[in-house]
Amino acid sequence: MGLFDRLRGDDGPRVAFIGIDGVPYSLVADHPEVFENLTAMAQDGAGGAIESIVPPESSACWPSLTTGVNPGKTGVYGFQDRETGTYDTYVPMGRDVQATRLWDRVTDADRRASVFNVPVTFPPQRNVDRMVSGFLSPGVKKASHPSDVGDYLDELGYRIDVNAKLGHDEDKTEFVEDAHHTLDKRYEAFDHYLTGDDWDLFFGVFMTTDRVNHFLFEDYERDGENKEEFLDFYDQVDDYIGKLREAAPDDVTFVVASDHGFTTLDYEVHLNHWLEERGWLSFEDDEHDSLADIDDDTRAYAFVPGRFYLNLEGREPRGSVAQEDYYEVRDELKAEIEALEGPNGEPVVARVVEKEDAFAGDHDEIAPDLVAIPNHGFDLKAGFRGSETVFDKGPRNGMHSFDNATLVTDAPEVAIDEANLFDLTPTMLDLLDIDFDATDFDGGSLVKG
């Protein structure tokens with residue numbers, strides 16, 4: 001226990017959470033020689049695969065992971081959401097998250113929190129002792145609170161995110177180098193503040209794992225030319241997690257988790273192009289690039305990832321589907337989505353989730369009417385600029401999956417059995433010995449008893 005704790009006189013339990021965005025548990029389980037530290041941590045406590053949320057997209061996942069509730073309560077459904085009653089869209093940021101975050105519950109209990117690089121947290125909260133916002137932040141200094149944190153990180157060369165454009169190059173050398181540089185600086189920052197020993201909750205996310213997966217996952221799964229570089233990167237990730245755990249005070253429980261799984265991407269599926277071909281979607285003219293350009297004959301449109309909305313009368317400004325026809329039309333669209341086949345006749349979609357089965361809360365008015373969960377290999381896209389074909393493939397070769405997210409902890413009192421993302425916040429509150437009302441969450445604590 002550090003000097004700060006002795007001065008503080010607080011012997012309460014503490015938790016260090018390390019996020020590894022998009023890391024599938026099968027990757028960890030299949031390579032114990034690469035993940036020596038995570039394997040040892042699981043042996044001390046527990047480790048296993050958990051389910052993500054609907055939809056399994058980082059901008060929706062992290063608000064749910066850090067609040068324990070579904071997007072109907074957080075108000076965040078993806079990278080792009082739509083305004084109520086209009087065709088305007090926006091990119092959700094920290095202030096759009098309407099549910100209580102884990103670190104807010106910690107500070108409300110007169111405990112201290114340090115929060116680093118969590119997606120959908122810009123601008124940084126001032127009620128938290130120390131916060132650095134995650135991706136989509138405009139720069140390190142603007143993303144940091146208090147200002148001395150920004151000054152330190154700027155001098156360190158800290159990176160909010162990797163340069164993903166480098167991943168578009170056929171030669172991945174520069175991308176891999178940039179990923180390592182971003183990872184190194186993230187570790188240095190985490191080590192600096194974690195060993196400062198002035199927190200009850202340390203919450204830091206390695207986002208670079210998701211970026212590496214997007215551009216190298218096929219190389220890993222199918223023995224591509226960059227497989228060795230992929231595994232070397234993860235060997236470094238695991239080494240850094242091990243060093244952080246070793247450097248932490250003895251009274252700290254470690255929790256490591258991802259927000260979704262990952263798999264190889266074979267085809268991008270352009271849903272709005274498909275809807276247009278099927279007669280569900282039409283535009284006012286050929287020059288269209290946004291939802292606002294749809295015409296009065298449109299019955300449905302899509303957002304990533306796999307979110308479908310009916311153009312509903314009374315909800316959308318130019319709604320063409322009558323309220324009394326809602327369920328009939330939705331069932332018709334659901335059946336067509338379920339029947340969608342890939343270029344080789346394989347089913348694109350594993351299941352289609354209806355709105356009321358995934359979303360409930362004060363902010364479900366912008367919820368999608370249907371969400372398609374794809375089979376592995378199909379990435380569901382939904383731009384409005386138009387595409388030449390329903391199926392193609394861009395520079396990415398890896399995609400998110402609903403299943404196979406990761407949870408590892410060194411807490412022996414935790415049991416991972418049919419767990420999901422909603423369970424993490426109540427579990428960490430239990431580990432912190434902070435009281436909570438179980439009815440506040442869509443998940444439950446994984447702490448035994």
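How do the residues of the lining of the second largest pocket divide into nonpolar, polar and charged? In this predicted model, that lining divides into four nonpolar, seven polar and five charged residues. The second largest pocket holds about 250 Å³ of space and is lined by 16 residues, among which His 270, Lys 381, Ala 382, Gly 383 and Ser 387 lie nearest its centre. Two elements, strand 11 (267–270) and helix 11 (271–277), each give two or more residues to this lining, and helix 11 gives the most, with four residues.

The largest pocket has a volume of about 590 Å³, and of the 31 residues that line it, Glu 57, Phe 79, Val 304, Lys 381 and Arg 396 are the closest to its centre. Two or more residues of the lining come from each of helix 9 (208–221), strand 15 (370–374), strand 16 (378–381) and strand 18 (398–401), with strand 16 supplying the largest share, four residues. Because domain 1 (14–260 + 402–440) and domain 2 (266–397) both give residues to the lining of the largest pocket, this pocket lies between them.

| Pocket | Volume | Lining by class |
|---|---|---|
| Largest pocket | about 590 Å³ | 16 nonpolar, seven polar and eight charged residues |
| Second largest pocket | about 250 Å³ | four nonpolar, seven polar and five charged residues |

Lys 381 is named among the residues closest to the centre of the largest pocket and also among those nearest the centre of the second largest pocket.

Definitions and conventions
Residues are numbered from 1 along each chain as its sequence is written. This is a predicted model: local features need pLDDT of at least 70, side-chain atom pairs count only at pLDDT 80 or more; totals for chains, interfaces and linings use all residues. Side-chain values use heavy atoms; hydrogens and water are left out. On a 1 Å grid over the protein atoms alone, a cavity is a set of points where a 1.4 Å probe fits but cannot get out, and a pocket is an open set with protein on both sides within 12 Å along at least five of seven lines; lining residues have an atom within 4 Å of a point. Grid points are joined across faces, edges and corners, and a volume is the space filled by probe spheres set on the points. Ala, Val, Leu, Ile, Met, Phe, Trp, Tyr, Cys and Pro count as nonpolar, Asp, Glu, Lys and Arg as charged, and the others, Gly among them, as polar. Domain bounds come from an automatic or database domain assignment.
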